[in-house]
Structure formats: structure tokens, C-alpha cells
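Please read it with the coordinates open.

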Amino acid sequence: LSEDRNIVIWLPPGYDDNPDQRYRVIYMSDGENLFDPRIASWGVDWGIDEAMMRGANAGQFEPAIVVGAWSSSRRGYEYSPWHDAPQYARFLVDELLPRINKGFRTLTGPENTSVMGSSMGGLLSYYLVKNHADTFGACGCVSTHFAFSDENIQEFRRKDGAEPDPTPFIVKDIKAGTSISPGGRFYFDYGTETLDATYEIDHAPVRDWLLDQGLVEGRDFLMRKYDGADHSERAWRARVGDQLEWLLGGG
């Protein structure tokens with residue numbers, strides 16, 4: 001990747017007291033928004049640490065190590081499967097993941113390694129499991145921006161020119177016959193307000209395609225709608241426990 005970035009690592013309570021215990025790992029995008037409202041983009045963090053311990057204390061799953069990579073000024077391109085996500089995947093697979101496995105007591109293999117993100121980060125998480133299920137076995141894709149298209153790229157570049165194509169890239173991929181790596185598990189969710197208002201329609205062709213690929217809904221993938229939820233960290237914080245349960249509790 002062309003820009004350096006901060007990495008934040010959350011270790012479950014008791015990590016230092018149990019030297020023989022190993023943990024699953026969740027790699028998350030937009031790491032600046034996960035734990036601390038003082039540095040979160042909009043003043044609200046996801047509360048991942050609190051949600052992790054609520055789920056663990058309720059017996060829903062064992063806590064996992066969380067690795068959060070901060071975003072950069074090239075976030076839109078880096079998280080896009082149709083732009084720099086292949087390079088981002090190399091950063092994770094070839095650089096970050098080996099360093100985490102060397103420095104911390106991790107459980108390895110795709111069954112113990114998952115990814116999670118929101119909006120464009122949801123697209124990135126989808127891409128990583130779709131194409132690298134041998135490394136990342138499951139993803140939590142929160143308010144995934146499946147509406148992403150040439151029209152959005154025009155907005156990124158802020159340039160005038162020919163009328164941009166509003167057809168989502170994912171729809172073009174599906175029509176072109178794209179396939180999915182076997183073995184991965186996918187969680188998608190969306191709200192009904194602000195940017196999420198069109199997401200039920202945007203997710204529909206993805207659901208049909210996953211079924212056509214032979215995936216079983218409820219086992220291999222899940223799509224969940226949250227009525228009244230908007231496109232914000234506050235909304236994602238309110239339901240993050242559901243994604244953690246899917247990733248860590250077996251679906």
C-alpha cells in the first residue's frame with residue numbers, strides 16, 4: 001500500500017494470565033473507530049471491546065483478539081474490490097497477519113480468522129472472504145455499500161466528464177459470471193434510513209447470486225435488516241454483537 005497506517009490490537013482480559021491459551025482473530029477496517037470515541041471519525045466508537053465481553057460473559061462465544069487497521073486518505077480505493085482491494089489483501093495476508101501470528105498467541109487457519117467492516121469496509125470484508133477463503137473464513141459486512149459504482153468514483157475524483165454509469169460494480173460482476181471461493185461464511189446487514197435506505201434493493205441481487213452459487217442461507221450466509229437504523233457508527237455500535245456472534249459463535 002502507498003500509505004503507512006496505525007494498527008491497534010485489543011487483547012482479551014486475562015491474556016497475560018493464561019500463557020497457554022490461544023485466541024481467534026478478527027481483522028477490522030477503520031480501526032480508528034473501534035474502541036475510543038476521542039479518535040473516532042464522528043465521535044462515536046463501535047464499542048467492540050465492550051460488545052466482545054458482553055457476548056463472552058453471556059456464553060455466546062469465547063473472546064477473540066481484534067486487530068484494527070486505521071483507514072488512510074485512500075480509503076475508498078483501498079477498500080474497493082474493483083480498485084486497490086487486491087493490494088490491501090496482500091498487505092493483510094503477506095505483512096500484517098504473519099506479524100500478528102508471530103507476536104501474539106493466535107489460533108491460525110481460516111476457521112479461526114475473520115474480517116469485519118462497515119460500508120466500504122463491508123465491501124472489503126466481502127472481497128477478502130470471496131477471494132481468500134483459505135485465509136479468512138468468515139466476514140461481518142455491516143451496511144455494505146453494494147451500490148458502489150462508476151458514479152461513486154466520479155464523486156471521489158470530483159471531476160466533470162461523461163455521464164457516469166450508475167450500475168453497481170457487484171451487479172456487473174454477477175452478470176459477468178463471477179464465482180465465489182468455497183468454504184467462506186458471510187454476514188450482511190443493513191438499515192433503512194439515510195444511505196442505507198436503498199440497501200435492501202442493493203443486497204437483493206447478491207442474495208440471489210449467493211443462492212445460485214450453492215450457498216445455504218442461514219448456514220453459509222445471512223442477510224439481516226434493521227428497521228429504522230441509519231448509516232452511522234452509532235447504529236453499527238448498537239448491533240455489533242450480532243455480527244460478533246455470527247463470526248465467533250458459529251452463525
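This is a predicted model: local features need pLDDT of at least 70, side-chain atom pairs count only at pLDDT 80 or more; totals for chains, interfaces and linings use all residues.

1. Residues are numbered from 1 along each chain as its sequence is written, and side-chain values use heavy atoms, with hydrogens and water left out.

2. The chain holds eight helices and seven strands, these being DSSP runs numbered from the N terminus (helices H or I, at least four residues; strands E, at least two). Its radius of gyration is 17 Å, close to the 18 Å of the globule rule for 251 residues, so the chain is as compact as a globular protein of that length; the radius is taken over C-alpha atoms, and the rule is 2.2 Å times the number of residues to the power 0.38.

3. Of the 251 residues, 52% count as buried, that is, under 20% relative accessible area with a 1.4 Å probe, protein chains only.

4. Helix H3 (residues 85-103) has 19 residues and should span 27 Å at 1.5 Å a residue, which agrees with the 25 Å between its end C-alpha atoms; the expected span is 1.5 Å times one less than the number of residues.

5. The buried residues of H3 include Tyr-88, Phe-91, Leu-92 and Leu-96. Among the elements that cover the buried residues of H3 are strand S3 (65-69), strand S4 (113-118) and helix H4 (120-131).

Definitions and conventions
Buried means under 20% relative accessible area, exposed over 50%, partly exposed in between (1.4 Å probe, protein chains only). Contact means heavy atoms within 4.5 Å.
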